[in-house]
Amino acid sequence: MLRYLCLTGVATLLAAALPFASHAQNPPSQQPMASGSSTGGAHAGVYDAEHRPITAGGFVKSGPVVYEDVSRQSGLAAWNHVMGNAEPKYIIEANGSGVCLLDYNEDGWLDIFLVNGSTYDAMSGKTTPPHAALFRNNHDGTFTNVAGVAGVTNDRWGFGCAVGDYNNDGWPDLYVTNFGKNRLYRNNHDGTFTDVAEKAGVALGNWSTGPTFGDYDGDGRLDLFVPGYIHYDMANPPTPGSKAIGYAVCIFRGAPVMCGPRGLKGEPDHLFHNNGDGTFTDVSVKAGVSDSSGHYGFSSTFVDLNNDGKVDLVVADDSTPNYLYINKGNGTFQDESYASGFALNQDGREFAAMGLAAGDYDNDGWEDLFVTDFSDDYYVLFHNDGDAGFSDVSYQAGIAQDTIPFLGWGDAFIDYDNDGWKDLFTVNGHVYPGVDKHDWGTSFAQRPLLFHNDHGKKFTLVPAVENTGLALVAPGRGAAFGDLFNDGKIDVVINPVAGHAILLRDVNPDKNHWVELKLVGGPKGPRDAVGATVYLSAGGVRQRGDVLSGGSYMSSNDQRVHFGLGTAVTVEKVEIHWPGGDVERVHLPAVDRIFTITQDKGITGVLCTECKKPDQNPTSPGRN
């Protein structure tokens with residue numbers, strides 16, 4: 001079945017659906033007769049006791065308060081995301097934008113960058129374009145928007161962002177994707193940035209989405225991958241009957257809606273090799289990751305999936321098969337999308353992949369993958385069976401059934417209660433405001449979902465208590481996850497479509513312990529250690545954490561590696577696999593702290609916001 005159908009005259013449902021049935025065995029080419037996005041077909045609506053769609057209801061009166069909405073008191077609610085008209089006519093107005101967390105001024109506290117969209121009037125110069133936001137962390141629970149001073153307002157139709165220190169100067173840089181030319185904001189070390197995308201050769205054009213930084217060739221410099229979504233023509237938007245789409249009507253459950261993505265030309269993906277002199281070279285075709293099939297790329301991340309010390313590349317594609325590229329170690333990738341099991345779900349069917357999360361949820365040492373999806377379909381949990389072979393375990397793990405009514409975007413594996421097992425958080429919201437006018441059991445604004453991890457065996461949906469963060473109903477899109485208050489809890493920043501920014505603070509009442517590691521690479525690897533893998537043992541449990549760029553939905557999370565320790569008060573072992581292959585063992589002398597670990601130097605800094613006396617900076621490196 002399809003997310004929605006675009007039909008000409010008396011074209012039948014079967015004729016429109018046939019192209020999707022053939023994709024299980026062979027990668028699809030562009031299908032001129034099909035439009036919309038593939039899902040599992042229409043499902044019966046799910047309602048709560050007050051007959052509200054479960055996507056905007058199902059709350060409980062009392063229970064543990066896990067997240068608190070602190071958007072207004074933090075200052076984030078003063079900024080609003082803009083994307084087209086309130087009732088979108090075109091697909092470019094529907095998909096929303098991402099969020100990036102970065103410590104741009106290197107003061108030890110995470111700051112927040114929020115990408116903004118635009119409008120047709122702003123793009124044509126009739127109105128002032130919306131600005132992106134850079135919220136500086138004031139260390140007291142509040143944030144100040146300094147985007148104008150910092151020079152990162154973007155003023156283009158923005159979509160995604162990623163964080164990476166591409167020039168190895170010790171300061172995080174920011175890549176922002178747009179419809180039109182992208183921006184590479186180089187950090188000037190003084191609270192400002194300079195857009196060097198044109199000079200660097202990474203500006204591109206048309207419609208780019210969720211980028212990722214990673215050192216794919218092991219030369220110690222971060223390279224850049226940029227997915228493409230749709231090749232979009234502002235002068236000839238995809239409307240029913242236009243030459244861009246060619247169909248008489250575009251419908252979802254019998255109601256007229258905007259057209260796309262199916263039936264539209266896909267925009268290619270790009271891999272840029274870092275030349276080490278401030279410029280990049282497009283090596284997409286040579287490396288084998290150019291997306292010659294024209295899939296609709298949304299979110300991406302470099303991550304080591306087969307534990308060979310080289311970062312692989314994962315791309316979540318909307319309504320076309322996902323990509324999984326294995327790094328061959330010679331500057332090229334092997335397309336293992338189908339062989340790995342990641343291209344399709346367990347039904348052998350492509351789905352509308354939006355958000356992408358990587359994490360070892362069952363603590364077996366292998367990174368698993370989680371992908372959000374459109375409504376009338378389930379979100380997909382891919383278990384890494386070893387050596388980058390994946391199985392769809394969504395139903396067995398307890399994820400699938402609860403997610404079918406929802407439409408998911410940003411997502412992450414996070415240990416919200418610090419018990420040592422990574423949980424799952426998803427941000428949700430529909431693309432069609434018109435769904436609120438129909439009795440379909442779904443809603444435009446939707447609440448987030450939090451699944452608690454039961455020791456890697458099952459996930460259980462955490463009840464949404466009324467008037468708390470989990471009961472917040474909003475049209476979510478991008479989301480980034482990190483410890484914004486340096487208290488060992490993982491908070492969530494949400495960039496909704498056409499609404500104010502949202503900050504959900506983790507206030508779960510557990511008393512579990514934790515540690516976080518900020519890694520600083522040596523001269524042979526990326527300075528921000530993107531691509532590093534950490535194994536930590538405590539309380540009889542061995543966990544894995546990776547330093548990643550990109551992912552979620554066109555967003556980038558806290559790059560400090562977070563470990564919940566449960567009741568353990570000591571860490572038995574920490575083993576860091578640095579990019580480039582070096583392995584270093586470090587002894588952590590305490591818990592409930594943020595440690596800075598510099599390659600070959602051990603612990604070089606400690607931050608403890610709740611300690612009565614400042615910590616010393618003990619160093620105890622050990623290196624293989």
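Which residue does a disulfide join to Cys-250? In this predicted model, the partner is Cys-259, with the two sulfur atoms 2.0 Å apart, and the link is right-handed, with 100° about the S-S bond. Because buried means under 20% relative accessible area, Cys-250 belongs to that class at 0%, and Cys-259 also counts as buried at 1%.

The count of disulfides comes to two, and the other one joins Cys-100 to Cys-161 at an S to S distance of 2.3 Å. The torsion about its S-S bond is about 125°, so this disulfide is right-handed as well. Cys-100 lies in strand S3 (residues 99-102) and Cys-161 in strand S7 (residues 157-164), so the pair ties together parts that are 61 residues apart in sequence. Both Cys-100 and Cys-161 are buried.

| Disulfide | S to S distance | Torsion about S-S |
|---|---|---|
| Cys-100 to Cys-161 | 2.3 Å | about 125° |
| Cys-250 to Cys-259 | 2.0 Å | 100° |

A further part of the model to consider is strand S32, which spans residues 513-520 and is mostly covered, six of its eight residues being buried. Strand S32 pairs in the antiparallel sense with strand S35 (residues 561-566) over five bridges, and in the parallel sense with strand S38 (residues 593-598) over six bridges. Leu-517 has a bridge partner in each of these strands, namely Val-561 in S35 and Phe-595 in S38.

Methods:
Residues numbered from 1 in each chain as written. Predicted model: local features only at pLDDT ≥ 70, side-chain atom pairs only at ≥ 80, totals over all residues. Heavy atoms only, no water. Buried < 20%, exposed > 50% of the residue type's maximum accessible area, 1.4 Å probe, protein only. Helix = DSSP H or I, 4+ residues; strand = E, 2+ residues; numbered from the N terminus. Pairing = 2+ DSSP bridges. Disulfide = S-S within 2.5 Å.
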